Amino acid sequence: MATPYLEYTLQDGYVHNWLVAGPVETPAEVEAGDALSEPERKLRIVQEKHSRTPDIEGEPVEWQPAQVDGEEVRWTYFRCQDDHFVDLSLFRHRWTYLRAWAYTELSLFDAADVTLELTTNGPADVWINGEHVHRHEHFHHQDPATVTFPASLREDDNQILIRFEAVAARECPYVMALKVTGVDLEDVDVRVPSGTERTVRHMMLERVFEQSSIEGVANHRGQVVNLHWSEELETNFNYHYSIQGPGSRINISGQTEAKPGEVADIGHPQRIWQGAYRVVLRPVAQEYYDYNLRIQWDIPFHILDTAYSEVPYDTYEKRAREALEYAAKQSDNLYAEIAKFHLERWDEIDSDLILKAIASINERGDCSDFYLVGLLGAMHRYMDAPNFPEVLKTPLKHCVLNFKYWHDEPGVDAMCYTTENHSILFHTCEILAGQLYPDEVFSNTGETGAWHREKGERLALDWLKTRGATGFWEWDSNCYFEEDLLALSHLVGLAESEQMMELAAVVMDKMLFTMAVNSYKGVFGSTHGRTYAQMIKSGQLEPTSGICRLAWGQGVFNQNLRGLVAMACSEYEFPSIIATIATTLFDEMWNRERHVIDAAGEEVNKVTYKTPDYMLASAQDYRPGQKGYQQHIWQATLGPDAVVFTNHPPTMSEDGAHRPNFWAGNYTLPRVAQWKDVLLALYRLPDNDWMGFTHAYFPTYAFDEYAIRGDWAFARKGEGYLALGASQGLSLIKRGPSAYHEVRSYGTRNVWACQMGRAALDGDFDAFQNRVLQTTFEVEELSVTFDTLRGETLKFGWDDPLRRDGVEQPITGFKHYENPYCVEELPVEKMDIGFGEYLMRLEF
């Protein structure tokens with residue numbers, strides 16, 4: 001029987017429809033004395049593994065098996081998104097060699113000589129009709145590079161096979177895109193060998209599944225999971241749905257009919273454990289299994305065990321106990337076992353899980369320091385208890401004595417050492433290890449524990465004094481503040497040096513004060529020096545959310561246990577004045593800060609404006625026009641899920657391997673200025689920008705009301721209002737992975753304006769919208785004039801200062817802290833933090 005084909009067209013010259021096999025992973029051996037740089041090491045690994053044959057056997061047909069090195073892989077259908085990428089990006093804690101294959105067929109009306117543009121992060125080979133026609137070897141970690149080469153395509157079908165390679169060591173962006181030029185695009189069809197004869201149905205389901213969306217990225221157990229179908233859905237059809245967890249385990253499933261505008265209740269997940277899940281949409285069972293119609297659409301989301309708390313409750317001590325009880329119930333998490341140690345639940349300890357963690361640390365995979373510090377804390381606190389598991393004692397000691405505690409020690413590995421959070425964790429590990437075994441010889445260096453302790457203390461004191469004096473390099477990071485607090489909590493409780501213990505405590509105070517000032521009802525909705533997509537799409541998924549709940553009773557306990565458990569177990573005494581600052585909402589609070597963010601003295605100037613109904617925060621004039629990384633430049637927060645921000649994406653992927661990605665970070669950083677409840681963000685993208693747009697995260701289901709009116713998007717949550725405008729116009733995205741969560745604006749020169757409002761000042765929501773629509777929002781090139789709802793005129797430009805009613809306003813050069821609670825210059829030797837009649841002094 002002839003093979004059926006799915007038939008498509010090129011999209012702006014790019015092939016969007018492929019069969020993909022892999023990636024196939026092979027551990028990469030790295031010699032102990034290897035002195036190569038990471039790019040050199042990656043190239044050497046690829047050259048040692050490379051073959052001029054494709055390495056894959058078997059006819060490429062959708063869902064059919066193929067053989068690679070004697071192992072079975074499967075061809076699966078892949079449809080590219082707007083970035084044109086086959087994206088297989090991933091994270092590996094150890095050196096790993098990767099190969100993947102993409103296959104399609106190009107059918108031409110007449111034979112033609114064309115030009116192919118192949119974009120990859122790493123090396124790639126191309127075969128056309130079985131002939132090897134191209135090989136390139138390059139490594140471009142976060143910026144995939146394009147290679148152009150000529151190709152001759154025959155009349156009718158041309159078989160295109162691409163093998164693209166990578167070497168992973170931590171985050172690994174891993175993409176491939178192919179563009180065809182030099183031919184009339186209407187004369188080229190894309191054909192994909194299919195495993196089903198129902199090809200028309202397959203292509204229809206591709207289109208309609210994209211018009212589905214769910215309400216939130218975070219649900220708590222028992223909350224309804226609602227699936228929405230767009231009002232623009234082209235047809236009614238039956239489909240199968242399921243909620244799947246890790247390993248594709250199906251927790252809830254059913255079958256129903258999709259209709260335009262329909263809202264389907266697809267589950268009350270009260271019986272599902274906390275974790276990351278997917279809503280999976282498929283054809284009905286008969287089509288999927290009997291007719292081999294294997295199209296699938298996934299919508300990721302999270303389920304949490306507990307509901308979010310916006311109102312403070314109980315005491316710190318009671319919440320600490322609650323946090324440990326919560327953590328102890330979680331599965332497959334080392335810090336759940338540490339919570340059990342603290343609760344003295346010896347009969348519940350999972351020694352096998354702890355031994356597995358020890359084995360991973362012994363392999364020196366990235367993030368080993370995150371877990372070794374917890375084990376060292378457990379050894380200090382609990383190992384002498386009569387019920388401590390004997391089976392753990394020797395492996396723990398061996399692990400501690402053989403670890404690599406800093407990058408200047410012997411050995412090659414994939415561990416990251418020198419970022420702000422990893423540095424203090426490695427130093428803390430070295431101090432605690434040296435304290436445990438002062439007279440033992442540590443095998444990796446041949447030095448004693450006392451030597452390691454002295455080295456760790458010297459480096460840790462330098463870290464602490466720098467943060468105390470000049471602030472945090474990974475400023476307001478809602479992920480890496482957790483790791484800093486993980487380290488500091490251990491030093492406060494376990495460091496034998498009194499200076500170390502006291503300095504760690506005051507830096508913890510400073511960090512938690514910073515969180516309190518820049519949080520809104522438990523959401524750390526500040527600008528962030530580093531973050532990840534899921535952590536900014538919902539305050540419920542921030543690693544700092546559980547810490548906020550522990551500290552002042554607002555937030556939610558989630559899957560992030562490290563900092564939470566460390567603080568709950570620590571001897572650290574949390575100052576109640578910080579909780580008061582965090583939970584008190586004045587009519588307005590205006591905060592300005594300046595932090596030194598690297599050894600060269602570069603700075604970030606940031607502001608936060610907070611009211612009872614919202615918070616608006618931003619980094620001012622931060623590296624405008626330069627390439628960004630994981631910096632989150634501004635955010636408006638109206639509730640735990642009602643958050644809005646803009647960015648410039650280089651890809652459609654939200655995977656943390658991409659830095660920046662679709663939501664986290666900016667490929668090109670904007671120039672931002674904020675005056676209290678108004679923010680202006682100016683974007684100047686490259687003329688040949690890959691994506692060609694900036695956009696806003698705008699989760700419509702998280703708002704009580706929203707409206708799109710002209711070039712403005714409006715939202716209401718409670719009595720807080722938001723208006724978001726774009727000089728190039730904007731539109732609500734209604735299909736694809738970000739349906740009803742994204743507002744997009746095309747153009748390489750763009751100005752976004754955000755005006756916040758309150759019912760107390762602006763009347764009802766309709767009145768707020770009408771007033772905004774009547775304001776002046778004029779843009780010429782990248783200079784903007786904006787009349788605020790407070791009767792002020794703001795002027796700002798790419799090369800011009802911020803002027804308020806004609807008077808220049810500073811957006812850089814701030815004090816270290818300047819807010820109602822604390823005013824201190826930079827650098828600082830001490831900080832006085834006051835609220836009412838209470839005063840706390842931090843001395844560094």
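This is a predicted model: local features need pLDDT of at least 70, side-chain atom pairs count only at pLDDT 80 or more; totals for chains, interfaces and linings use all residues.
Local features are described where pLDDT is at least 70 and side-chain atom pairs where it is 80 or more, while totals for chains, interfaces and linings use all residues. Residues are numbered from 1 along each chain as its sequence is written, and side-chain values use heavy atoms, with hydrogens and water left out.

The largest nonpolar core has 110 residues, of which Phe341, Phe513 and Trp552 touch the most other members; such a core is a set of buried Ala, Val, Leu, Ile, Met, Phe, Trp, Tyr and Cys residues joined through side-chain atoms within 4.5 Å. Here buried means under 20% relative accessible area, exposed means over 50%, and partly exposed lies in between, with a 1.4 Å probe and protein chains only. Helix 12 (residues 498-517) gives the most to this core, with 13 residues; helices (H or I, at least four residues) and strands (E, at least two) are DSSP runs, numbered from the N terminus. Apart from this core lies another, of 79 residues, including Leu106, Ala124, Trp127 and Val279.

Helix 15 (residues 562-569) is mostly covered, with eight of its eight residues buried. These buried residues pack against helix 4 (316-328), helix 5 (334-343), helix 7 (368-382), helix 11 (480-494), helix 12 and helix 14 (545-552).

The second largest pocket holds about 470 Å³ of space. A pocket is an open set of points, on a 1 Å grid over the protein atoms alone, where a 1.4 Å probe fits, with protein on both sides within 12 Å along at least five of seven lines, and its lining residues have an atom within 4 Å of a point; points are joined across faces, edges and corners, and the volume is the space filled by probe spheres set on them. Of the 24 lining residues, His16, Arg79, Cys80, Asp82 and Glu210 are the closest to the centre of this pocket. Strand 1 (5-9), helix 2 (199-209) and strand 37 (742-746) each give two or more residues to the lining, and helix 2 gives the most, with three.

Glutamate 171 is found in strand 12 (residues 156-172) and counts as buried because its relative accessibility is 11%. Its side chain makes a polar contact with the side chain of histidine 141 at 3.4 Å, that is, a pair of N or O atoms within 3.5 Å, one able to donate a hydrogen and the other to accept it, with residues adjacent in sequence counting only if both atoms are side-chain atoms. Aspartate 156 is also in strand 12; it is partly exposed, at 46% relative accessible area.

Most residues other than glycine have a negative phi, and most peptide bonds are trans. Aspartate 156 has a positive phi, near 70°, and lysine 676, in the loop between strand 30 (671-675) and strand 31 (678-684), has one of about 55°. A cis peptide bond joins glycine 22 and proline 23, with omega about 10°, and proline 23 is in strand 2 (residues 17-27). The bond from arginine 659 to proline 660 is cis too, with omega near 10°.

Definitions and conventions: Contact means heavy atoms within 4.5 Å.
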